[in-house]
Amino acid sequence: MKASVPCLVFCLGLAGYGHADVAQPGETVYRASPAADGVQHVRIEGGAYFFKPNRVVVKSNVPVELTVSVARSMVPHSFVLQAPEAGIAVDEDLSSEPKKIRFTPTAAGSYPFYCRNRLLFFESHREKGMEGVLDVVE
Ligand SMILES: [Cu+2]
């Protein structure tokens with residue numbers, strides 16, 4: 001049973017994070033479920049330079065309403081989620097006033113969302129960490 005020792009160490013390591021659906025360091029996960037109105041409501045807040053949560057799990061073929069805002073600041077931000085294969089095409093400028101974005105994901109997959117802004121020749125906000133992933137599951 002030599003093989004069982006590395007397995008045990010590995011499994012204990014995973015157990016330390018809770019369960020198999022492990023959040024990476026710096027990752028905040030929100031798993032949506034349909035509300036009484038049949039819509040998956042998701043609140044995302046952004047700032048310099050993050051989205052929180054930065055990983056959102058939704059069910060396919062159920063309407064999603066994202067409510068997205070950013071902390072009040074002089075720096076403009078945006079929210080882009082382009083996944084035509086899943087029927088999603090979002091490109092919105094953001095403000096501290098929450099913006100509602102509705103779509104119905106039609107295909108399972110992992111789709112990146114991010115802020116497209118950048119100041120002149122500096123790193124884009126996405127490169128600074130203002131990005132996340134929408135996981136669409138069956
Ligand atoms: Cu930004």
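**Metal site and aromatic pairs**

Modeller: Both Cys-115 and Met-130 are buried, a label for under 20% relative accessible area, with exposed over 50% and partly exposed in between (1.4 Å probe, protein chains only). This is a predicted model, in which local features need pLDDT of at least 70 and side-chain atom pairs pLDDT 80 or more, while totals for chains, interfaces and linings use all residues. Residues are numbered from 1 along each chain as its sequence is written, and side-chain values use heavy atoms, without hydrogens or water.

Biologist: Which residues coordinate the copper ion?

Modeller: Donors are N, O and S atoms within 2.8 Å of the metal (3.2 Å for Na, K and Ca), and sites may look incomplete because water is not among the atoms. Here ND1 of His-77, SG of Cys-115, ND1 of His-125 and SD of Met-130 coordinate the copper ion at 2.0 to 2.8 Å, and the sequence spacing of these donor residues is H-x37-C-x9-H-x4-M.

Biologist: How many aromatic pairs does the structure hold?

Modeller: Rings of Phe, Tyr and Trp (its six-membered ring) pair if their centres lie within 6.5 Å, with planes under 30 degrees apart stacked, over 60 edge-to-face and the rest tilted. The structure holds four such pairs. The ring centres of Phe-51 and Phe-79 are 5.6 Å apart and their planes lie at 80°, so this pair is edge-to-face. Phe-51 and Phe-113 are likewise edge-to-face, at 5.7 Å centre to centre and 70° between planes.

Biologist: Are Phe-51 and Phe-113 buried or exposed?

Modeller: Both are buried, as are both Phe-51 and Phe-79, and ring pairs link Phe-51, Phe-79 and Phe-113 into a cluster.
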